[in-house]
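Some labels used for a protein model rest on cut-offs. The questions below ask what stands behind each label.

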Amino acid sequence: MNLDFAQIVPYIPFILQGIKGTLLVTLISVVLGFIWGSILALIKISKFGPLNWLAVAYTSVFRGTPLILQLTLVYFATPQLTGYNISQLEAAVLTFTLNSGAYISETIRGGIMAVDKGQWEAAKALGVPYRRMMLDIILPQGVKNILPALVNETIALLKESALVSTIGLADIMQNANVVKGAIFRYFEPYLIAGFLYYVMVMILTWVARVVERRMRRSD
Amino acid sequence: MIKIDNITKSFGSLNVLKGISTEIGKGEVVAIIGPSGSGKSTLLRCMNLLEVPTSGKITINGQEITDPKANVMAIRQQIGMVFQHFHLFPHMTVLNNLTYAPTKVKGMAKSEAEKKARELLARVGLADKADVFPSRLSGGQKQRVAIARSLVMEPQIMLFDEPTSALDPEMVKEVLEVMKGLAHTGMTMAIVTHEMRFAEEVSDRILFLDDGRLLEDTPPKQFFQNPKSERAKQFLEKVR
């Protein structure tokens, strides 16, 4: 076995710096993706024909093509098409938001459909307008139903965010790549990167459990 | 107050209501009874447009609610509805269940809504439950909260859709007591129920439905002692 962790020690702070990139992409994309996914879900359950069709087509395309292709396209094709010099972070957040919005919209739609029909009727009978009913009565219950699925989506997004290294964004993965190039060793930098991802996922899982317990207090 | 003029309702090829006409006067308590599948609930749900009649007219206080241009939300705010399965909002406390619609829909000040809500909770005997979530209540308590939730909107009419059918027998009475109290305040009420004794005691009129038709529209005494139709006789024999 040819392992030498002594050599990598000076580079550890550099790999740790990648946490910032990973977290930035993940957190912003999760929040925006959730909002975007909610909007898509609401469109899908509405009876508004053309928009409805568009949302379904949108989901189909984003689920039906590789994420890395979407990312590459957004980052490299945006300047070509619009002349706007999109930054790595912008491209990463945009792609992940659009992509996870497509996935989350299906989850949220399922959560909304699982809310007891009686809740809709009770809200209607009280004269609550549609928008308020969705925001205050239906969505909160729908989201509670799908909390575990949302946590899974967040974890998946955190791990998939490693793809942003392909456009050179300085996340954990990219910094590990850089260290590999500097010391010509593979195992050590990627082991550290893997460890960091794992710890972050564990923290996320723990946070999700706390949140879930709080939301279940009305049961 | 409510004028129902020859309404029909079909779900696909299924004709649930086959031309029903009646009137409910202000302060009147009407019990709607009949075998299951007779269209009782559908008739009730037409009165606040949870179901839109296929044809026919419903007028409330001179306003035609079946007019496609009618403001459905505004109409519903004047009509309270209590469901068989309560349908309290599970993610809100009892107090918030009551204050939600008045504050968010009617624009009532929060303090005023809370004051009214607490008064109503006291009236249905649940003043001490204001801050608990619905999941902690018994069925009877839930239904009383649901009644209070409707009343806080100050409706002119209250609709009850089998309000005691989902309750354990020992909880039926507490709900019926609240409804009786409400009837005595002069509230206009339409009640779909299987509680024959309650219907006889509280209602001013019985509407007996069978297979989507209104077979009897009579005072309770006459209905229970001497029903006109053969179908009502059979029904009463079975349920009593």
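Helices are DSSP runs of H or I with at least four residues, strands are runs of E with at least two, and both are numbered from the N terminus. This is a predicted model, in which local features need pLDDT of at least 70 and side-chain atom pairs count only at pLDDT 80 or more, while totals for chains, interfaces and linings use all residues. Residues are numbered from 1 along each chain as its sequence is written, chains are lettered from A and ligands numbered from 1 in the order in which they are written, and side-chain values use heavy atoms, leaving out hydrogens and water.

Q: Where is A:Glu188 placed, and why is A:Glu188 called buried?
A: A:Glu188 sits in helix H9 of chain A. Buried means under 20% relative accessible area, exposed over 50%, and partly exposed in between, with a 1.4 Å probe and protein chains only. A:Glu188 has 1% relative accessibility and therefore counts as buried.

Q: What makes the pair A:Glu188 and A:Arg185 a polar contact?
A: A polar contact is a pair of N or O atoms within 3.5 Å; within protein, one must be able to donate a hydrogen and the other to accept it, and residues adjacent in sequence count only if both atoms are side-chain atoms. The side chains of A:Glu188 and A:Arg185 make such a contact at 2.9 Å.

Q: Why does A:Thr205 count as partly exposed?
A: The relative accessibility of A:Thr205 is 26%, so the residue counts as partly exposed. A:Thr205 lies in helix H9 (residues 187–215) of chain A, and its side chain reaches the backbone oxygen of A:Val201 at 2.7 Å.

Q: Why are H1(A) and H4(A) called oblique to each other?
A: Angles under 35 degrees count as roughly parallel, over 145 as roughly antiparallel, 65 to 115 as roughly perpendicular and the rest as oblique. The axes of helix H1 (residues 12–45) and helix H4 (residues 88–113) of chain A cross at roughly 45° and come within 5 Å. H1(A) and H4(A) are therefore oblique. The residues of their contact comprise 20 nonpolar, 8 polar and 3 charged; Ala, Val, Leu, Ile, Met, Phe, Trp, Tyr, Cys and Pro count as nonpolar, Asp, Glu, Lys and Arg as charged, and the others, Gly among them, as polar.

Q: Which residues does the UniProt annotation "transmembrane region" cover?
A: The unreviewed UniProt entry gives residues 23–43 and 190–211 of chain A. Residues 23–43 of chain A are 100% helix, and residues 190–211 of chain A are 100% helix.

Notes. Axes are lines fitted to C-alpha atoms, for helices over the stretch in contact, and angles run from 0 to 180 degrees between N-to-C directions. UniProt positions are given in the numbering used here, feature names are shortened, and annotations may be inferred rather than shown by experiment.
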